[in-house]
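Dear colleague,

Please find the structure below for your records.

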Amino acid sequence: MLIETRAYARAGLLGNPSDGFFGKTIAVSVRNFGASVTLYPSPELHIEPQPQDGSVFRSLHHLRDAVSTLGYHGGVPLVKAAIKKFAEYCEAEHIRLPNHNFSIRYNTSIPRQVGLSGSSAIIVATFRALMQFYQVEIPLPVLPNLVLATESEELGITAGLQDRVIQCYEGCVYMNFDRSIMDQQGYGAYESLDSRLLPKLYIAYNTDLSKQSGRIHNDVRARWLKGEELVVNTLAEIADLARQGREAIAEQNIPLLNELVNHNFDLRTRIYTINERNRSLIDTARACGASASFAGSGGTIIGIYRDDAMLNRLFVSLKKINARVIKPYVV
């Protein structure tokens with residue numbers, strides 16, 4: 001029995017990053033990139049490392065670049081943490097697992113450290129493989145919570161639910177994380193939107209080495225927890241952009257969507273420090289006539305373009321600053 005599962009990259013379209021602050025977001029799954037997990041029965045439980053998990057390097061510079069791109073530990077800790085959380089969930093739900101061992105390996109094409117959620121994709125794919133192997137059904141709204149807990153509780157990664165929700169649901173999803181909803185049912189209200197109604201979207205990501213995204217939110221979270229008025233009000237405004245965007249998508253109001261995407265980033269600059277590299281991505285895209293906002297925590301932008309001529313300008317201009325442009329494949 002050979003089990004193969006996948007999970008895809010994601011991009012936040014509107015409301016980002018209010019998901020970690022009881023806000024609202026719209027996100028899309030980006031099937032151009034994915035993480036896959038292969039699992040099969042074996043005498044012992046074995047996690048097969050990939051080249052990026054190794055400790056052998058061609059040179060000092062190779063080690064430096066590998067750590068900058070992939071972090072210190074590669075993907076094996078993600079798989080380990082997911083297996084542990086799966087076992088704990090089954091124990092808490094009184095699900096008896098048969099004493100069957102397996103070998104598991106992962107592979108990923110998601111660019112690392114640019115805010116496309118490569119880490120959580122590996123975890124989602126691992127959960128899907130384990131569910132299939134042990135024939136355990138985890139309710140779909142609950143699964144993103146387990147993925148987030150895997151990252152935050154086991155690995156100390158600071159993140160919100162948005163990425164895990166869209167990677168579990170796929171397509172295009174409107175998410176409402178209002179505190180009353182979260183308190184009542186333990187997860188948000190998730191509504192799949194018709195991706196055929198989406199405007200012409202592009203994604204551009206930094207091909208230079210970047211920093212780990214989990215560190216970005218710490219300062220803002222501390223200020224939000226203290227009740228700092230600027231942070232609280234700004235995040236509420238960002239969340240409302242997703243609500244407006246949901247209506248604009250249904251009404252096919254592309255000019256309004258353009259404004260909302262740009263405003264999302266402009267609001268973000270009130271409370272987050274934007275480094276020069278990330279700012280240049282936004283400014284270059286907007287100079288081409290497209291809207292632009294962060295698709296995650298930095299390193300990747302998303303926006304709306306008008307026609308092929310504008311898309312070509314994006315390709316050329318962003319390549320000059322070492323950024324790659326793609327048209328996201330959303331199903």
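Axes here are lines fitted to C-alpha atoms, for helices over the stretch in contact, and angles run from 0 to 180 degrees between N-to-C directions. Helices are DSSP runs (H or I, at least four residues), numbered from the N terminus. The model is predicted, with local features requiring pLDDT of at least 70 and side-chain atom pairs counted only at pLDDT 80 or more, while totals for chains, interfaces and linings use all residues. Residues are numbered from 1 along each chain as its sequence is written, and side-chain values use heavy atoms, leaving out hydrogens and water.

The axes of α3 and helix α4 (residues 143–155) cross at roughly 125 degrees and come within 10 Å. The two are therefore oblique to each other (angles under 35 degrees count as roughly parallel, over 145 as roughly antiparallel, 65 to 115 as roughly perpendicular and the rest as oblique). α3 passes α4 in a right-handed crossing, that is, with the near helix turned clockwise from the far one by less than a right angle. On the α3 side, the contact (heavy atoms within 4.5 Å) is made by S119, S120, I123, V124, F127 and M131, and α4 contributes L143, L146, V147, T150 and E151. By class, seven of these residues are nonpolar, three polar and one charged (Ala, Val, Leu, Ile, Met, Phe, Trp, Tyr, Cys and Pro count as nonpolar, Asp, Glu, Lys and Arg as charged, and the others, Gly among them, as polar).

Helix α2 (residues 76–92) packs against helix α3 (residues 118–134) at an angle of about 45 degrees, with the axes 9 Å apart. That angle makes α2 oblique to α3. Here too the crossing is right-handed. Residues in the contact include L78, A82 and F86 of α2 and I122, F127 and Y134 of α3. The contact has 11 nonpolar, two polar and one charged residues.

A nonpolar core is a set of buried (under 20% relative accessible area) Ala, Val, Leu, Ile, Met, Phe, Trp, Tyr and Cys residues joined through side-chain atoms within 4.5 Å. The largest has 92 residues, and those with the most contacts inside it are I26, F86, F127, I138, Y202, I301 and L314. Its largest share, 11 residues, comes from α3. A second, separate core of 10 residues includes L148, L161, V165 and F177.

Finally, N253 lies in the loop between α8 (229–251) and α9 (254–271). N253 has a relative accessible area of 27%, which means partly exposed (between the buried limit of 20% and the exposed limit of 50%, with a 1.4 Å probe and protein chains only). Its C-alpha atom is separated by 41 Å from that of S68, 185 residues apart along the chain.

Yours sincerely
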